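Have the sequence and the 3D view open as you read.

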Amino acid sequence: MTSRIYLSAPHMSGEEQRYIKEAFESNWIAPLGPNVDAFEKELSAYAGVNEAIAVSSGTAAIHLALSLLDVKKGDKVFCSTLTFVASASPIIYQGAEPVFIDSEPQTWNMSPGALERALQEAKLEGNLPKAIIVVNLYGQSAKMDEIVALCNLYNIPMIEDAAESLGSTYKEKASGTFGRFGIYSFNGNKIITTSGGGMLISNDAVAIQRARFLAAQARDPAPHYQHSKLGYNYRLSNILAGVGRAQLMVLQDRVERRRVIFKRYYEELAQMPGVTFMPELENTRTNRWLTAFTLNEETAGVTVKELLDVLNENNIEARPVWKPLHLQPLFMEAAYYPHGKNEHIAEQLFHTGICLPSGSNMTEDEQTRVIHCLKGAFSGVIDKEGIG
Ligand SMILES: *Cc1c(COP(=O)(O)O)cnc(C)c1O
């Protein structure tokens, strides 16, 4: 049996142990410490923002952002529908109500048209959202100019969920820096990892100061333990921040490698019948965290399920595109705004999309295996039809 090829496996730089060793030698094992401070400074310098706080996960960073914006019961929060559940679950933690916004075809991300309609309706009802969470799927930036203009017009703070798009740019500006808050994730499958972790970034120093208070159990300044606000235990450990520092040093290499992986898939598979790769919006540069394509089953003569099955049988991990959150049983009650009257882009992408193994440490031979497997599935079909 050949070894398993993963969708996106952790890829260490080799320098991680040095930072971990330092932490052990100085006995900085507890949360906080010099690696945490340095990781925050290094990441904020990289992104070009004033402030950053390292936390235990990307989900925690989103939760803190909502908490800082005083999102609470009775409030609405708009959120991209085509995303991982963690983009929206903190809305529920706060007792607020999510409203899901469809994707548009050029970026697969939040449709400015659907967002505008949702905002207009909310304004008429006198119930504008407290925040808007915009996701950059698989590394591709959403249409930030249009979305930021709408956020400004209605004066709603935006949280940019850049968990998948660290290292990407939009008009040469770092992904994650377009809203009041940005969040990154260092989960094991992301472009760089601390095994688990996240970062909340902002130019608002007062807000990040408050995030530090909330993320460390909201202790009032008193010699005894006194609490007048509800806090969380969300800080990143000094050991894991050391891993993050070593990972951040190789971020650019990781982006280049994932883009090369995309390019090779594209060159080998784009001419297969019915295959359309995820686009890259003009003036943006995606980190191609995951290579994704859609399949027109009629043109292809093979189904998404058949391709996923073939890959799985060959010990290759591949996945459908995220199931839209407005279709999740968890969010049955939530409102949803489609891209157009009869245009449900996220649903279409979910039914036709496939994500391929894209890890920066995948070898060329491994990628060849994936490509052969897919080509085989396509030619199998052509054989059946007596063409090949
Ligand atoms: C991974 C991910 C998150 C959550 O990050 P964690 O660090 O796993 O909590 C949030 N949003 C998106 C879009 C993600 O892909």
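Pro-273 sits in the loop that links α9 (251-269) to β10 (275-277); helices here are DSSP runs of H or I with at least four residues, strands are runs of E with at least two, and both are numbered from the N terminus. This is a predicted model, in which local features need pLDDT of at least 70, side-chain atom pairs count only at pLDDT 80 or more, and totals for chains, interfaces and linings use all residues. Residues are numbered from 1 along each chain as its sequence is written, and side-chain values use heavy atoms, with hydrogens and water left out.

Is Pro-273 buried or exposed, or in between? Its relative accessible area is 27%, so Pro-273 counts as partly exposed; buried means under 20%, exposed over 50%, and partly exposed in between, using a 1.4 Å probe and protein chains only. Setting aside neighbours within four places in sequence, Pro-273 touches Leu-295, Thr-299, Ala-300 and Phe-378, where contact means heavy atoms within 4.5 Å. Gly-58 is 215 residues from Pro-273 in sequence, and their C-alpha atoms are 38 Å apart.

Now move to helix α6 (residues 144-154), where Met-144, Ile-147, Leu-150, Cys-151 and Tyr-154 are buried. They share one side of α6, because they cover an arc of only 135 degrees around the axis, taken from the directions from the helix axis to the C-beta atoms. An α-helix has 3.6 residues a turn, so residues three or four places apart point the same way. The buried residues of α6 pack against α5 (112-124), β4 (131-135), β5 (158-161) and β6 (169-170), while Asn-152 and Leu-153 are exposed on the other side.

Zoom out, and the protein chain has 13 helices and 15 strands. Its radius of gyration is 22 Å, close to the 21 Å from the globule rule for 388 residues, so the chain is as compact as a globular protein of that length; the radius is taken over C-alpha atoms, and the rule is 2.2 Å times the number of residues to the power 0.38. Buried residues make up 55% of the 388. Of the contacts with a separation of 6 or more, 72% link residues 24 or more positions apart.

Last stop: Leu-330, in the loop between β13 (319-320) and β14 (335-337). Leu-330 counts as exposed because its relative accessibility is 59%.
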